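Please walk through the packing of this chain.

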Amino acid sequence: MQTLWGSIESAYAISFALEKVDSIKLEGFKKFFTDLPVDPYIKGNYRLRRLSRFKILGDDLIELPHGYLFQSKNYNPLLGGIRREFSELDNALVELGEFKKLIFEFSNYCKLSPGVEIGVHQIRTTCSPDNFGNPAPEGIHRDGCEFVGIFSVERDNIEGGETHLYVAKKENPVFNKVLKPGELLLVNDREFFHFTTPIKPVTAGQGTRDVFVLTAPSLLHD
């Protein structure tokens, strides 16, 4: 893992850092983004999503029983207070060695305690000439966890989708970058707000942005 730019808060927790994860091959992930269910909680049918939760025990990645996603309105003014249910990640995806590498990289870098629940959100945002896609319809926000990781898998026929980090909502961003495939942005959610700008297609036809968003704790409830 190559650190491109970032800062370290302490010996135990990241503030934020951008990593290029060369050890993870992306090709195996891509087919699992083609059949994601539409996110029914967002108007426009432009976002597709699955969600599962895991914990690490030694060298093993354990998938936990499914749950529902819940955030308060303090963190998500658009969908806070709503019990949201999504399909789980595809079993074949979870069994990929590259998927396990991603979860372990996130856990190791954030120095998570053993057994901490990790939520994995698999998200495709689509756009067309008539319908731009919004990766963050809730605006500048925190997720309500301790750590967030955004791992870019693919950008196809799009411009935009620049990720910003803010110390305060009304200040200028302290970080702004389009995440390239293979880059992992790690963020201390207690210190920073984040946002990603809308995407639009470069040429006629559909454009897509595929990412995994990891959270610790998972934000899922039984």
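The charged end of Arg142 sits over the ring of Phe193, 4.1 Å from the ring centre. A charge sits over a ring if NZ of Lys or CZ of Arg is within 6 Å of the ring centre and within 35 degrees of the ring normal. Arg49 has its charged end over the ring of Phe86, with 4.9 Å to the centre.

The model is predicted: local features need pLDDT of at least 70, side-chain atom pairs count only at pLDDT 80 or more, and totals for chains, interfaces and linings use all residues. Residues are numbered from 1 along each chain as its sequence is written, and side-chain values use heavy atoms, with hydrogens and water left out.

Rings also meet each other. A search of the whole structure gives eight aromatic pairs. Rings of Phe, Tyr and Trp (its six-membered ring) pair if their centres lie within 6.5 Å; planes under 30 degrees apart count as stacked, over 60 as edge-to-face and the rest as tilted. Phe29 and Phe151 form an edge-to-face pair, because their ring centres are 6.5 Å apart and their planes stand at 85 degrees. This pair links distant parts of the chain, 122 residues apart: Phe29 belongs to helix α1 (residues 27–30) and Phe151 to strand β7. Helices (H or I, at least four residues) and strands (E, at least two) are DSSP runs, numbered from the N terminus. Phe29 counts as buried at 1% relative accessibility, and Phe151 at 0%. Buried means under 20% relative accessible area, exposed over 50%, and partly exposed in between (1.4 Å probe, protein chains only). Ring pairs join Phe29, Phe33, Phe54, Phe99, Phe151 and Phe212 into a cluster.

In soluble globular proteins, nonpolar side chains tend to be buried together. A nonpolar core is a set of buried Ala, Val, Leu, Ile, Met, Phe, Trp, Tyr and Cys residues joined through side-chain atoms within 4.5 Å. The largest such core has 31 residues, of which Phe29, Phe99, Phe106, Val120, Phe151 and Phe212 touch the most other members. At least two residues each come from β3 (47–57), α2 (91–94), α3 (97–110), β6 (118–127), β7 (147–156), β11 (183–188) and β14 (207–216). The most, six residues, come from α3. Residues up to four places away in sequence aside, Phe99 touches Phe29, Phe54, Leu61, Leu89, Leu93, Val94, Val120 and Phe212; contact means heavy atoms within 4.5 Å.

How many disulfides does the structure hold? There are zero, a disulfide being a pair of cysteine sulfur atoms within 2.5 Å. For Cys145, the nearest cysteine sulfur is that of Cys110, 9.5 Å away. Cys145 is buried, at 5% relative accessibility, and Cys127 is buried at 3%.

Two loop residues remain. Asn157 lies in the loop between β7 and β8 (158–160). Its side chain makes a polar contact with the side chain of Thr203 at 2.9 Å. A polar contact is a pair of N or O atoms within 3.5 Å; within protein, one must be able to donate a hydrogen and the other to accept it, and residues adjacent in sequence count only if both atoms are side-chain atoms. Beyond four places in sequence, the contacts of Asn157 include Lys200, Pro201 and Gly207.

Pro37 is in the loop between α1 and β3 and is partly exposed, with a relative accessible area of 26%. Leaving aside neighbours within four places in sequence, Pro37 contacts Leu48, Arg49, Arg50 and Ser87.
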